[in-house]
Amino acid sequence: MTISLPPETSSPPRLQPSGWLRYFSFSVDHKVIGLQYIVCGFVFYLIGGALAGAIRTELTSPVSDFMARDVYNQVLTLHGTVMIFLWIVPVVNGAFGNYLIPFYVGARDMAFPRLNAVAFWLIPPAGLMLITSYFLTGAAQSGWTAYPPLSITTPATGQIIWILSVLLLGGSSIFGGINFIATILKLRRPGLKLMQLPMYCWAMLGTSILVVLSTPVLAGTLVLLSFDIVAHTGFFNPNLGGNVVVYQHLFWFYSHPAVYIMVLPAFGLVSEILPVHARKPLFGYVTMVYSIMAIVVLGLIVWAHHMFTSGTPPWMRLFFTIATAFIAVPTGIKFFNWLATLWGGRISLNSAMLFSCGFIVNFVLGGITGVALAQVPFDIHVHDTYFVVAHFHYIVFGGSVFVIFASIYHWYPKFTGRMLNEDLGRLHCALTFIGFNLCFGPQHWLGLNGMPRRVAEYDPQFTLINQISSVGALLMAISTLPFLWNVIHSALSGPVAGDNPWKALTPEWLTSSPPPVENWIGEAPLVEEPYGYGVPPDELDLTATSGRDLWSSGK
Amino acid sequence: MQIPSAILTLVIGMVLALGGLWIGQNINLLPIDASANAPIYDELFKVLFTIGSILFIGIVGLLVFSLIRFRRRNGQLGDGLAIEGNLPLEIFWTAVPAVVVLFVGLYSYDIYDRMGGMVPLAHDHMGGAHDEQIWGGISSGSIESAAATNALPVEVTAMQFAFLFHYPEGDITSGELHVPADRPITLRMEAKDVIHAFWVPEFRLKQDVIPGQPTQLSFTPTRTGRYPIVCAELCGPYHGGMRSTVVVESPENWESWYRDNAKAAPEDETLTIANA
Amino acid sequence: MEQRQMTTTVPTKDQNHSHGKHAEHPDHRMFGLATFLVADAMTFAGFFAAYLTFKAVNPLPDGAIYELELPLPILNTVLLLVSSATFHRAGQAIRQDDHGRCRRWLLITAGLGLAFLVSQMVEYFTLPFGLTDNLYASTFFAATGFHGLHVTLGALMILIVWWQARQPQGRVTAADHFPLEAAELYWHFVDGIWVILFVIFYLL
């Protein structure tokens, strides 16, 4: 008996859920995956933020009186681990990378769509496992750095769960890196040359190289650490003849590049946002590319500047000082180029632009303290103090998180087809900037004057400054509210955005908002000048030297 | 007639530089200095603070100026200038930071050397037993001066959650570090359980104290007083409470403390904790 | 002021993208695999770096035993190198559409891999030291064990490809034999890692 189907169906049978259900499914669409990353990441940001709130609440008084001491250590461990591995790395890489890269190379999707979905779906279980360890068995309490012997002597279950979680998250990151490298190098549409790609592609290529080279070393190290914990080997256990400094070398071999994994994509995103809202080309495209490559190479050979006070001999300390200081040069070039992009522009002072400028201010401060920290004699005094805490928060929050917010304001219209409310956005920016600087600015002084990090109690002379810092943290928490309201309300009833509300030139804006499943109706556009903004200077009265004579675009 | 932008830039640059110098010299963010290397450290700090202030104020100033001067006014359509690059300018702002960074690096090498940081650590492969090896730290003396004579050796043991100080000459064990001013001190440090760190902010010195891998810290105290010793490596729940005190005394007062607490005979078995 | 001409080509005709012609998309899976193997190599690099550092700065305590014999490892090296050659033969066979010969070479390769594993087990059981005896011992077992895991996975993959190649028009054909190519690249990688491991642990 045969069954005959009706001769015409109105729509083809669907293999995957549609509508909002897509976002809870194993979708292989890079746009869906990108948004899954961003929402999941933001949830973990709120969790990490709550953990930070707990820390700052404890630190409003100089005694340990808010939570039990071992709980405090669990909280600070989870705060760092969640923010790094579940918020920043997944969002600047997985969220924006997956959403934008196929558009930028003129492809319909990433090179390996199913691997993409696998990479995302590793994250929620790993994160869930990590968070629930706090409630079920006690979380790890040796810091996100998990130095042995402390990580071998604290309760084992929490530490092993931490290790498993980080291994899964590292695996996710590696799968993403493989995908980005293949997509950028192999999936460019015909006619699109490498040096015509938007800068974010170069940033992601460099980042993914770092991911592929350094994350596996962390994986191996954590495997060895887990052997020490469960199998009584002695890799890093001095009682059994081991060497704890070797752990530190292996750990930081990944964890220093990790900071570039968190920051280079942010650099790329800023390079996309500034030209659009300043209506000027990105300044110095070629040098920006070389700077990224220099940062990638240098970033792999500076890890031991995290170990200046450890078991490191003088010659090693000297080498790493010099290598680290050099990274300031390509990084500085990028900042000067961004300033030059703004100079002479027609700048719209919208939320995306303001957050990007906040990034510039904060990151320059963080970069300056970074150059200081690179110098061995300076670092010896401030290592493992609140000076370092201030420095890296200026980089990861003042840097990457500010860029994430800028990017959300910039691309939300594309993701959802609606515009965000600008007044709420500027309020969000102001509250975040003030709160952030109030929280972390004074911490530089705390470190210089004797307050170590990872403590629940401190010398009472530091009470007032700590309380100011905690007020700043409270402001940061409050600043999330206008943002959340804005995102949700605008999704439901914001003004329609249209294809290209910013009149931008890169390929994602040359299609509908939100884009169709295959990114464009018809062929992918060939954008040879992604930064072709601006009025040619020969049409204006200019006395300054014109760059166009010296640099020709790749036409 | 408009002031040429070159002159404006020059004046702004000079104001910035002078301002940065003033900030570095006059804004004091550090605690008091109590060891011979601390003023050397503070010199470096001032230089870094000056350079940092100039850079930060300059860049933020440029940014704020751009946001105001080049902002889009109401009703303005159209783009900014289509300037894609300027090779001489880019070479300039590559070379200048490279030179600054090189200068800072060489200068801080000099500072580290004057602090004694470049002297090779004691290291004895031939001895076989690994407790001859010093794994990290700052050795006594510096490259220019001869190795410090008359250095007072102290053995530091760090454990969860206290520091213990043992004076091998005189067999004194104490919970506080008593040292005479103006005499070189050499700390040989080892931990009993997990990694700790020995930090005296007023000395500007810190060294991790590692189990199974001894480290060294050498310094010369210069100012009498009581200064905190802070553990600066997460070592467990009471890490925040792990503190001690370094008591810098005049040589005479220190001598009398030493005499009061030193063991009369080396065979004396009882371990008495020294008077504070 | 007029807008500059953008160099952007936005096609106006409406082309339907056909879902049926997947063979038109270039296959980048080997590139992806190669990138993955770079990552995998870095994991081994971490173990090797740790081992070399331990040897340089952590002397063995008195009485600790860490001695390795050479015959079995040399046999292992030969087994793996030969197995790479036999795998290559399998690849040649499938490109000539000879499924039978291909499958025979695949079985031989898998057999050599299994022989390697058996030999490694024999070595493990005859070594005078165990996993937790001392630092060098632990690192030795970690590195060789991790490598042995890779060999096991590789042998399993070879058997899977052997099974897949049984039909003339299945996943493994003369025109398209990605599973075999991928398994072969992986196998050569595992072989290469062994050579480095052999030099570092057994010769240095």
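Visitor: What should I know before I start?

Guide: The model is predicted, so local features need pLDDT of at least 70 and side-chain atom pairs count only at pLDDT 80 or more, while totals for chains, interfaces and linings use all residues. Residues are numbered from 1 along each chain as its sequence is written, and chains are lettered from A and ligands numbered from 1 in the order in which they are written.

Visitor: How many helices and strands does chain A have?

Guide: Chain A has 16 helices and one strand. Helices (H or I, at least four residues) and strands (E, at least two) are DSSP runs, numbered from the N terminus. With a radius of gyration of 24 Å, close to the 24 Å of the globule rule for 555 residues, chain A is as compact as a globular protein of that length. The radius is taken over C-alpha atoms, and the rule is 2.2 Å times the number of residues to the power 0.38. Along the principal axes, the C-alpha atoms of chain A fill a box of roughly 85 × 70 × 40 Å.

Visitor: How many residues of chain A are in contact with chain B?

Guide: In general, the size of an interface is often given as the accessible area lost when the parts come together. Here we count residues instead: 88 of chain A are in contact with 78 of chain B. Two residues are in contact if their C-beta atoms, placed from the backbone, lie within 7 Å. On the chain A side, helix α10 (residues 314-342) gives the largest share, 14 residues. That side of chain A divides into 51 nonpolar, 27 polar and 10 charged residues. Ala, Val, Leu, Ile, Met, Phe, Trp, Tyr, Cys and Pro count as nonpolar, Asp, Glu, Lys and Arg as charged, and the others, Gly among them, as polar.

Visitor: Which domains does chain B have?

Guide: The assignment gives domain 1 (5-70 + 87-114) and domain 2 (134-261) of chain B; such bounds come from an automatic or database domain assignment. The centres of these two domains of chain B, taken over C-alpha atoms, are 34 Å apart. Contact between them involves 11 residues of domain 1 of chain B and 15 residues of domain 2 of chain B. On the domain 1 side, α2 (38-69) and α3 (87-114) of chain B each supply at least two residues. By class, that side of domain 1 of chain B has six nonpolar, two polar and three charged residues.

Visitor: Back to chain A: at what angle do helix α7 and helix α9 pack?

Guide: Two packed helices are described by the angle between their axes and the distance between the axes. Axes are lines fitted to C-alpha atoms, for helices over the stretch in contact, and angles run from 0 to 180 degrees between N-to-C directions. Helix α7 (residues 199-230) and helix α9 (residues 285-299) of chain A pack at about 10 degrees, with axes 10 Å apart. That makes α7(A) roughly parallel to α9(A). Angles under 35 degrees count as roughly parallel, over 145 as roughly antiparallel, 65 to 115 as roughly perpendicular and the rest as oblique. The contact of α7(A) with α9(A) has 11 nonpolar, two polar and no charged residues.

Visitor: And at what angle do helix α8 and helix α11 of chain A pack?

Guide: Helix α8 (residues 244-278) and helix α11 (residues 351-374) of chain A pack at about 130 degrees, with axes 10 Å apart. α8(A) and α11(A) are therefore oblique to each other. Among the contact residues are A:Ile273 and A:Leu274 of α8(A), and A:Met353 and A:Phe359 of α11(A).

Visitor: Which peptide bonds are cis?

Guide: Most residues other than glycine have a negative phi, and most peptide bonds are trans. One cis bond runs from A:Ser513 to A:Pro514, with omega near -10 degrees, and A:Pro514 is in the loop between α15 (463-493) and β1 (526-527) of chain A. Another joins B:Gln160 and B:Phe161, with omega about 10 degrees; B:Phe161 lies in the loop between β2 (152-159) and β3 (162-167) of chain B.

Visitor: Where is A:Ala146?

Guide: Look in the loop between α4 (123-136) and α5 (150-153) of chain A. A:Ala146 has a positive phi of about 50 degrees although it is not a glycine.
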